Amino acid sequence: MTHVKEHDMASNNELIAFRIGGQEFCVDIMSVRDIRGWTPTTPLPHSPEYVKGVINLRGSVLPVIDLAARLGFRSTEPTARHVIIVTQVGTQSVGLLVDAVSDILTITEDKIQPTPDVASELARCFMKGVLAIEGRMISLIGLDSVLQTHPNPGSVN
Amino acid sequence: MDTMAAIKQTFFQECEEQLAELETGLLSIESGESDHDTVNAVFRAVHSIKGGAGAFGLDELVRFAHTFETALDLVRSGQIEADAPLVRLMLKSSDTLADLVRVSRDGGEMDQQRVSQLHDELTQVANPGAAPAADPEPESVAEASLPDAFAGEPAGEADENGFVPLQVSFDGFLDSDADLEPAAADNIFRVWFRPKPELYAKANDAAKILREICSLGEADVACDASEVPLLSELDPEGAYLSWTIRLVSGVSEDAVREVFEFVEFDCDFKVEQEMPADPGFSFEPEPVASVAEEPALPVEAGVEEAVIPQKIMDRIAEVAAKQTTAAKPAAGSQAAPSQQSQTIRVDLDRVDRLIDLVGELVINQSMLAQRVTEAGIARLSEVAVGLDDLEQLTREIQDSVMAIRAQPVRPIFQRMSRVVREVADMTGKSVRLVTEGESCEVDKTVIERLADPLTHMIRNAIDHGLESPEDRVRTGKPEQGVVRLTAAHRSGRVIIEVADDGAGINRERVVEKAVSKGLIDPNIQLSDGEIDDLIFHPGFSTASAVSDVSGRGVGMDVVKSSIQALGGRISIASRPGAGTTFTMSLPLTLAVLDGMVVNVAGQTLVVPLTAIVETLQPKESDVHGLGETSRVVSMRGAFLPLIDVGYELGYRETETDPLNSVAIMVETENRAQSALLVDHIVGQQQVVIKSLEANYGHVFGVAAATILGDGQVAVIVDVDAVVAGKRTDPARTDIANRKRNAA
């Protein structure tokens, strides 16, 4: 219906909204490649707690990040009802484990408000801003910071 | 336009090959293993580059190639000897030629000073009498040097003359059979003549001069139009053509020179008495020469220089096209008949697509095999037998596809010889590079990504490894240092070594440095090997002064991580006074490996088969405690450390009971053996390696990931890392831990 071209993005953004632990978040739809149900992951040795492991995504190995744990919430005990949002930033693909996907939002850039100071240190560094939509507050997640720095330091080159 | 661009691209690809041939040839001349064919091949390589460059109007490249060719021709004809300094100069020139090609292709700036200096040196070689300082037109090195080389020629001694005509002159070799050559009565002259614009401005006519020469005897006139620019850049009053005349005549050389009496200041010309053609040498007609066969060109068209018909430009493009297709077979068949094989150029993307598909096929095939087993179909049933055949075929397809990507390491080794020359120059050390095993084949990607680490290690070896010549002499070593670069296949991997015969690692300094940087505890006792390993620590650099050569802000840790990223390992061995050896072990391909699928703490893991020696069920009598936590298993009289993979990788909190486990004996890169404990063995299977680094990063103890037949991801164990992480030596684990923590 809404036909969004890439050059329109500055004014009109489409966002995927999802829920983690009762709060709502969203990411830019342009970086979302796929949304799939939870499948058991293969755990990786010596990985941080928020890395759930890896899954087979059509022949490539996709790390799955528990976004709740990443944002400093309690880590998720995934069930079949949980959802993995497959995102891509640059050349890197990463799956984000969330509770449920709720909505697609179309907003303009000026609707994005700065993150309030009350948010925790950890949460603030992943949030690009907040949106007020129909009385709900939805936090916009910046994927760059979520995807970066999660592998073992010293091996990123 | 697109065709032109495509032709040009082909030309540059050909150039790369010619340059490689050039360097190979020069190196074998340097090592004294050359024969006449080698010299010819070297000459031809430069000649082809020049010819092609001419067709594309790459003037700078043509000029340099021409001078280079001139000097090479003298070597070829035996007029000068290819002694060590000359070969060095030629190697430098070949480097510069490569740079010029690259600049022509990619744009960028050339070190003009270096080009012109080499240019002068080459000119000097071509004509020892000439002093480059005497250049009448210093602003244009190439133009100046030609008449200059001529001016310095001792009159009458044509043999010493450093002149080689432009490529068209090889018609001379072709047209005249050596046997039919007039014995003595007639002199053969090669006359080269290039009018300057002034000649035309003074109402002289090149055609008249050519006719006059022709009147002296039997003359073959060939016109070189390679310097003609594009029509849009053409100066209507410029002079772009030159001629080469092969004259058979009874007159003396002076008589020929007389022809130019009235124009001698308005043109560049040379007259040279030709050597008898070398019967052992025959030259292929190169398409550039065919310009001369264009009947319209030689005299009439050339005189009216201001008007260059589009026809010529088209023709040049055509020639270039022909040359690119013709040059390769010619070079291949003449230079090395043994290497003759047909090749096609294939876009790498297509090969990679094929490899990906075959990878999926392998996964699919093993998935099918698993399903068949699960369905309870008998092993001897036709389905199972057919499946075995399919597996065989899949493997063969995979091997063949992998072979497409496999490339010999030769090109990269050759590139290193240039690094050696440059660093040796910079540091003032005398270095010889010895290479072995250049024909070892490795995956193209491995080779490409090896270039930077190798360059860095070679730089290091020369800059830090080798002592100064004085120090070497003082310690009784030969003044010339040796850097040895070798490649060999060993148990499914390729081992590349960079060894120098320098002073070895100064362990005291390393420790001092590590302590001062807070990398290690000053009280800790480290073995020699551990001290050597410290240089791989991030931020470690032993050179007290950051030198221009190897101090570029990257250390051996970067080398190590780039090798690791390739699924490789690097180790160091050093003996004081005798030198240092870096050993890299790399996978042959980045795509598949044979693995043993095992189960550990509920996880499915893959252990590379190449590392496995044998498996066994430990008996109680074989297992011994060693110290507080370590255990060993005795096997045929040897005690091997027992390593619980599940515990090491953090899959379980406590170490497992060896008696309920299977021990897999593995051999690591340094040939030490250990026993890995796993819960049970599932089977053996070929797995497709999937990168974990692409989307995640390097994980300690994990080499890569793979997708098993059931679609699940399994990690491939990095045996060396697991073993090294758990060496029974406490200091060792200490370092490993600290390294991990520090990182």
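Select chain A and trace it from the N terminus: the elements run β-β-β-β-β-α-β-β-β-α-β-β-α. That makes three helices and 10 strands; helices (H or I, at least four residues) and strands (E, at least two) are DSSP runs, numbered from the N terminus. This is a predicted model, in which local features need pLDDT of at least 70 and side-chain atom pairs count only at pLDDT 80 or more, while totals for chains, interfaces and linings use all residues. Residues are numbered from 1 along each chain as its sequence is written, chains are lettered from A and ligands numbered from 1 in the order in which they are written, and side-chain values use heavy atoms, with hydrogens and water left out.

Stay on chain A and colour by pLDDT, the predictor's confidence in each residue, from 0 to 100. The chain averages 81, and 84% of the residues score at least 70. Where does pLDDT stay under 50 in chain A? Look at residues 1–9, for which the model has 11 contacts beyond four places in sequence, and at residues 150–157, for which it has 18. Contact here means heavy atoms within 4.5 Å.

Now switch to a surface view. Of the 157 residues in chain A, 47% are buried; buried means under 20% relative accessible area, exposed over 50%, and partly exposed in between (1.4 Å probe, protein chains only). As for contacts in chain A with a separation of 6 or more, 56% of them link residues 24 or more positions apart.

Next, pick E134(A), in the loop between β9 (127–133) and β10 (136–141) of chain A. Its phi is positive, about 45°, although it is not a glycine. Most residues other than glycine have a negative phi. E134(A) counts as exposed, with a relative accessibility of 73%.

Bring chain B back and show the interface. How many residues of chain A are in contact with chain B? There are 27, and they meet 25 residues of chain B. The area buried between the two chains is about 2,100 Å², with carbon and sulfur atoms giving 57% of that. Buried area is the accessible area (1.4 Å probe) that two parts lose on being put together, summed over both. Highlight P45(A), H46(A) and V61(A): they supply 28% of the area that chain A buries against chain B, more than any other three residues.

On to chain B, starting with helix α1 (residues 2–30), where you'll find E16(B). E16(B) is partly exposed, at 31% relative accessibility. Leaving out residues up to four places away in sequence, E16(B) touches R102(B) and R105(B). Draw a distance from E16(B) to A98(B) as well: 82 residues apart along the chain, their C-alpha atoms are separated by 7.9 Å.

Then select helix α4 (residues 84–106) of chain B. Its 23 residues reach 33 Å from first C-alpha to last, close to the 33 Å expected at 1.5 Å a residue; the expected span is 1.5 Å times one less than the number of residues.

Jump to Q414(B) in helix α16 (residues 410–427) of chain B. Buried or exposed, this Q414(B)? Buried, with a relative accessible area of 10%. Beyond its neighbours within four places in sequence, Q414(B) is in contact with A20(B), E23(B) and T24(B).

Look along α17(B) for a bend of about 40° at A451(B), with a proline, P453(B), following within four residues. The bend at a residue is the angle between axes fitted to the seven residues ending there and the seven starting there. α17(B) is mostly covered, with 17 of its 22 residues buried.

Further on, V511(B) sits in helix α19 (residues 507–516) of chain B. V511(B) is partly exposed, at 27% relative accessible area. Its contacts, neighbours within four places in sequence aside, are I520(B) and I531(B).

Last stop: A601(B), in the loop between β12 (592–600) and β13 (603–608) of chain B. A601(B) has a positive phi, near 50°, and is a residue other than glycine.
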